[in-house]
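Keep the viewer open and follow along.

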Amino acid sequence: MSDTPIPAAPATSSDAAEASQEQITTEIGALAARYAAADGEELHTRLDYAPYRSSVLRHPTKDLHHADPEDLELCAPVFGEQDVAAVEADLTIQHRGEPIGERIVVAGRVRDGEGRPVRRQLVEIWQANAAGRYLHQRDQHPAPIDPHFTGVGRTLTDDEGNYRFLTIRPGPYPWKNHQNAWRPAHIHFSVFGTEFTQRLVTQMYFPGDPLFPLDPIFQSAIDPRARELMVAEYDHSLTQPEFATGYRWDIVLTGGLRTPFEETD
Ligand SMILES: [Fe+2]
């Protein structure tokens, strides 16, 4: 997971990791103003975005390298539809007990740039628990681990491109980008494509999160329209009475309304 809490790499100066939220917010504002003034259209996530400190040294600096697809197929992971069980889309039943938190249905459609459904697509998710804690060695911040929640699930889209998960609403969590940095609550998504080289990774957010303007990862999608595409909408028709609330989030793989992904071409 790209934003698992890790010590921020030193960026442009040795005290970069010590920036205050105010400094980061000022940098975000300056980049947004420059983008607005340029009158361009940039609907992807910026890979080199200084307020997201570790992206400065970590972003790719060379063009993609073309590889022989046949060679790749010899070593890339594969899966068959028979490998993905229906129960893997329910993150609340992976242990003996019930996980703590707000049950949510997260559902939507995966489509291509022409609006056609992407069928039999492997969709994988991973996320923090209700307290904002990942079940991951590198996440040691003082929030409880939920023994009944692992935070990973997967499913295949149906013939209409629809996917559906039942999970727990994740909490926001602190990370080491700057002083007192908090990520807005989010669910990581991977859509696999038809082969390993087409894998796309992004994050789904929840509407109205007060942390949006403060978060350099969310803001690294520099165009407000691109950020909107990463925010799910509350959908009462997805809820289950007295059991779960519901959020709809559609994913578009290509074209002008393409969902912003973390790796772009
Ligand atoms: Fe995360």
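**A sheet to start from**

Four strands make an open sheet in the order E3-E2-E7-E8, with antiparallel pairing. Strands here are DSSP runs of E of at least two residues, helices are runs of H or I of at least four residues, and both are numbered from the N terminus. Two strands pair if DSSP finds at least two bridges between them. At the edges you'll find strand E3 (152-156) and strand E8 (200-205); each has a single partner strand, so one side of each is left without a neighbour in the sheet. From one strand to the next, the twist averages 25°; the axes behind that angle are lines fitted to C-alpha atoms, and angles run from 0 to 180 degrees between N-to-C directions.

Before going further, a word on what you're looking at. This is a predicted model, in which local features need a pLDDT of at least 70, side-chain atom pairs count only at pLDDT 80 or more, and totals for chains, interfaces and linings use all residues. Residues are numbered from 1 along each chain as its sequence is written. The pLDDT, the predictor's confidence in each residue from 0 to 100, averages 89 over the chain, and 91% of the residues score at least 70. Residues 6-14 are a stretch to treat separately: there the pLDDT is below 50, and the stretch has 19 contacts in the model beyond near neighbours in sequence. A contact means that the C-beta atoms of two residues, placed from the backbone, lie within 7 Å.

Back in the sheet, look at strand E2 (residues 122-127) and strand E7 (residues 186-191), which pair in the antiparallel sense over five bridges. One of the bridge pairs puts Gln127 with Ile187 in E7.

Now for the whole chain. There are five helices and eleven strands. The C-alpha atoms fill a box of roughly 50 × 45 × 35 Å along the principal axes. A compact globule of 265 residues would have a radius of gyration near 18 Å, and the chain's 19 Å agrees with that; the radius is taken over C-alpha atoms, and the globule rule is 2.2 Å times the number of residues to the power 0.38. Among contacts between residues at least 6 apart in sequence, 73% join residues at least 24 apart.

E1 and strand E4 (162-168) run antiparallel and are joined by seven bridges, with Val105 opposite Leu166 in E4. With strand E10 (245-248), E1 runs parallel over four bridges, and Val106 stands opposite Tyr247 in E10. E1 also pairs in the parallel sense with strand E11 (residues 251-252), over two bridges; here Arg111 stands opposite Val252.

What is packed inside? Nonpolar side chains tend to be buried together in soluble globular proteins. Buried means that 20 or more other C-beta atoms lie within 10 Å of a residue's own, exposed means 12 or fewer, and partly exposed is in between, with C-beta atoms placed from the backbone. In this chain, 31% of the 265 residues count as buried. A nonpolar core is a set of buried Ala, Val, Leu, Ile, Met, Phe, Trp, Tyr and Cys residues joined through C-beta atoms within 7 Å. The largest such core has 33 residues, and those with the most contacts inside it include Val106, Phe189, Met204 and Tyr247. E1, E2, E4, E7, E8 and helix H4 (216-219) each give two or more residues to this core, and E1 has the largest share, with four residues. Another core, of five residues, lies apart from it and includes Ala128, Tyr134, Tyr173 and Trp175.

Trp175 sits in strand E5 (residues 173-175) and counts as buried, with 20 C-beta neighbours inside 10 Å.

Most residues other than glycine have a negative phi. Arg120, however, has a positive phi of about 55°.
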